[in-house]
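Dear colleague,

Please find below the structure that I am handing over to you. My notes on helix packing, cores and individual residues follow it.

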Amino acid sequence: ALGISFTNYNMLQPPKWLGLTNYKLLFMDDDIFLIALKNTIIFACITGPIGYIMSFLAAWVINLLRFRNIFALAFYAPSITSGVAMSVIWLVFFSGDRYGYLNYFLIRLGIIGEPILWNRDPRYILGVIIFVSIWMSMGTGFLVFLAGLQNVPREYYEAGAIDGISNKLQELWFITLPLLKPQLLFG
């Protein structure tokens, strides 16, 4: 692919060498490419780390709860739901009229005076896409982290309490995270 990027190639004729001309056109003459590149970098830098951290935190909190199976299903369901069904739900949530859930609540709270076109306004669409992507991608990582958390032997926490670990954050830092290195790497 890198070699072909230096040529004019249409798959019907042999490649014709152009050198850096394609890159010059891409960076100097194509305004849309630079906007797309900026949006892709912003998207990747936000969704990757936040999705990873939120998956782990959700799994950690749910692992502490009594009815964890119900909550686990609620967090895992988006990853097994079809994209079409999820798009219908999010289109209603971010609808640009007064009856879209987000606009309705923001108007009722007095935060905005008129509906926002979440799916059409360039100022908001990247945030909407990032939010939906984070929410939909948390399922698999969450499930891996939850399985890892449930396999940490209780004896380690009891031994840690004897050694002076006094709260859940210390348990997380000194016991849980070191024992979850394989799951953290997989996530």
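**Helix packing**

Ala58, Ile62 and Asn63 of α2 are in contact with Arg68, Phe71, Ala72 and Phe75 of α3, where contact means heavy atoms within 4.5 Å. The helices named here are DSSP runs (H or I, at least four residues), numbered from the N terminus. By class, the contact of α2 with α3 has 5 nonpolar, 1 polar and 1 charged residues; Ala, Val, Leu, Ile, Met, Phe, Trp, Tyr, Cys and Pro count as nonpolar, Asp, Glu, Lys and Arg as charged, and the others, Gly among them, as polar.

The model is predicted: local features need pLDDT of at least 70 and side-chain atom pairs count only at pLDDT 80 or more, while totals for chains, interfaces and linings use all residues. Residues are numbered from 1 along each chain as its sequence is written, and side-chain values use heavy atoms, with hydrogens and water left out.

The axes of α2 (residues 31-64) and α3 come within 8 Å and cross at roughly 160 degrees. Axes are lines fitted to C-alpha atoms, for helices over the stretch in contact, and angles run from 0 to 180 degrees between N-to-C directions. α2 and α3 are therefore roughly antiparallel to each other, the term for angles over 145 degrees. Their crossing is right-handed, meaning that the near helix is turned clockwise from the far one by less than a right angle.

Helix α3 (residues 68-80) also packs on α6 (residues 122-150), at an angle of about 145 degrees and with the axes 5 Å apart. On the α3 side, the contact is made by Arg68, Ala72, Phe75, Tyr76, Pro78 and Ser79. The residues of α6 that take part include Trp135, Met138, Phe142 and Leu146. This contact has 10 nonpolar, 4 polar and 1 charged residues.

For α1 (residues 21-29) and α2, the axes come within 6 Å and cross at roughly 80 degrees. α1 and α2 are therefore roughly perpendicular to each other, a term that covers 65 to 115 degrees. Leu26, Phe27 and Asp29 of α1 meet Asp31, Phe33, Leu34 and Leu37 of α2, a contact with 5 nonpolar, no polar and 2 charged residues.

**Nonpolar cores**

A nonpolar core is a set of buried Ala, Val, Leu, Ile, Met, Phe, Trp, Tyr and Cys residues joined through side-chain atoms within 4.5 Å; buried means under 20% relative accessible area (1.4 Å probe, protein chains only). The largest core has 19 residues, of which Phe56, Ala59, Trp60, Phe142, Leu146, Leu149 and Leu180 touch the most other members. α2, α6 and α8 are the elements that give two or more residues to this core, and α6 gives the most, with 7 residues. Beyond its neighbours within four places in sequence, Leu149 is in contact with Ala59, Trp60, Asn63, Thr176 and Leu180. A second, separate core of 10 residues includes Trp90, Leu106, Val128 and Val132.

**Individual residues**

Ser95 lies in the loop between α4 (83-93) and α5 (101-108). At 19% relative accessibility, Ser95 counts as buried. Its contacts, leaving aside neighbours within four places in sequence, are Gly100, Asn103, Ile116 and Trp118.

Trp173, in helix α8 (residues 168-179), is exposed, with a relative accessible area of 58%, the cut-off being over 50%. Trp173 and Asn103 are 70 residues apart in sequence and 40 Å apart in space, C-alpha to C-alpha.

With kind regards

How values were computed
Angles under 35 degrees count as roughly parallel, over 145 as roughly antiparallel, 65 to 115 as roughly perpendicular and the rest as oblique.
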